[in-house]
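Here are my notes for you, point by point. Keep the sequence and the model open as you read.

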Amino acid sequence: MRISPIIKLVGLVAIGQIILSACGGGNDPAPIVDQDGIDKALIESYLLENTITATEDESGIFYYPVVENPSGDIQQVSGSILSIYYSAKVLNGQVIDEILLSQNEDPYKLKQGVNSIVPVGLDIGLAYMKEGETYTFLIPSGLAYGELTFSTLIPAHSVIEIVVELVAIENEQNQQDNEEILIDDYIATKELNDSIKNPLNKVEVLTSGVYYKRISEGNEDQVALKGELISTTYTASFLDDTVFDRISGNDTFDFNFDSKIVMDGLDLGIAEMEKGERALLIIPSAQAYQQSVGVIPSYLSDELVELQVIPEYASKVDPYKVLVFDITLL
């Protein structure tokens, strides 16, 4: 048996200041340093040198508009799904991450206001934006990555500057509708309903929203029972066929069925299967990891998993990803 990253973390760890405490080491008390004051002085000096007028939020982040859109839609409540382009760098340093429209990239999706964005300061700042606007955020280290370092790119206690273009504000129903279109395209492209290339049953949309396609038959009437320890092998991928996890060969993923320790969509799909059966489960984000955790830059994810700031699946699955499991119930 192998431990799988698809296991849910019970109660997502609060991100906030936990990075600061998680990075501490040793037993000797650290000298008291007013890092917030140091960061604020750095930001104010930067603004003065560049003749920039910015607003300070009560949290300590600074922000200013680059492109305004007074008539643009604005979030009505926290929990809106935002599609953004961005460029992030260390203050007075090099770019550490970016997703840009000019490079023909898809925007990055995040859920604002639900404690699922790193750096936390970005989560705070996004609440000020309207659709179609571009803002710059200057985020003190306490609301960015704290003492965390990454190679020479991100030193400890780095102030982070992020330029964000907000291109869409959506809700969960919008997201569900978008995913249905993507899934229908996937089914058509893979010819999953072609009775010659993919015999047995056609793709079935379960009442839960999970898509189920039997690939090979199992043992009739032998199904998983609630609480039963079951064994599976699988290949897990996204709709673009990128594999993010695989358990195969002599390895198995064993867990107590329908015990809420894995994603809901996997339990719901396995409930349709017979033992010995191989099936394809297409799991919309609402039955998978939903908003997951949006980490900018994404290469910090593994570090944050080790610090137990984010669950392991968040290092592999970006927010609002449809998942495809080619799974065998042993």
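**Notes on the model**

1. F253 and F255 are both buried, where buried means under 20% relative accessible area, exposed over 50%, and partly exposed in between (1.4 Å probe, protein chains only). This is a predicted model, in which local features need pLDDT of at least 70, side-chain atom pairs count only at pLDDT 80 or more, and totals for chains, interfaces and linings use all residues. Residues are numbered from 1 along each chain as its sequence is written, and side-chain values use heavy atoms, with hydrogens and water left out.

2. Now the ring pairs. A search of the whole structure gives 11 aromatic pairs. Rings of Phe, Tyr and Trp (its six-membered ring) pair if their centres lie within 6.5 Å; planes under 30 degrees apart are stacked, over 60 edge-to-face, and the rest tilted. Y234 and F253 are edge-to-face, because their centres are 6.2 Å apart and their planes stand at 85 degrees. Y234 is in strand β11 (residues 229-238) and F253 in strand β13 (residues 253-256), so this pair ties together parts 19 residues apart in sequence. Strands (E, at least two residues) and helices (H or I, at least four) are DSSP runs, numbered from the N terminus.

3. How exposed are these two? Y234 has 2% relative accessibility, so Y234 counts as buried. F253 is buried too, at 1%. F253 also pairs with F255: this pair is stacked, at 4.9 Å centre to centre and 25 degrees between the planes.

4. Look at the wider group. Ring pairs join Y234, F238, F244, F253, F255 and F325 into a cluster. K321 lies over the face of F238, 5.5 Å from the ring centre. The cut-off for a charge over a ring is NZ of Lys or CZ of Arg within 6 Å of the ring centre and within 35 degrees of the ring normal.

5. Next, the core. The largest nonpolar core has 69 residues, and I84, L122, L266, I270 and F325 have the most contacts inside it. Such a core is a set of buried Ala, Val, Leu, Ile, Met, Phe, Trp, Tyr and Cys residues joined through side-chain atoms within 4.5 Å. Strand β3 (residues 81-90) gives the most to this core, with 6 residues. A second, separate core has 10 residues, including I183, L192, Y211 and V322.

6. Check the surroundings of I270. Leaving out residues up to four places away in sequence, the residues that I270 touches include A224, F255, F257 and L329. Contact here means heavy atoms within 4.5 Å.

7. N256 is also in strand β13. Its relative accessible area is 34%, so N256 is partly exposed. The backbone oxygen of G227 lies 3.0 Å from a polar atom of the N256 side chain.

8. Finally, inspect the backbone. The peptide bond from V118 to P119 is cis, with omega near 10 degrees. P119 is in the loop between β6 (117-118) and α3 (120-126). The bond from I296 to P297 is cis as well, with omega near 0 degrees.

9. Which residues other than glycine have a positive phi? S292 is one of them, with phi near 45 degrees. S292 is buried, with a relative accessible area of 4%. Y320 also has a positive phi, near 55 degrees. Y320 is in the loop between α6 and β16 (323-329), and is buried at 7%.

Conventions: A polar contact is a pair of N or O atoms within 3.5 Å; within protein, one must be able to donate a hydrogen and the other to accept it, and residues adjacent in sequence count only if both atoms are side-chain atoms.
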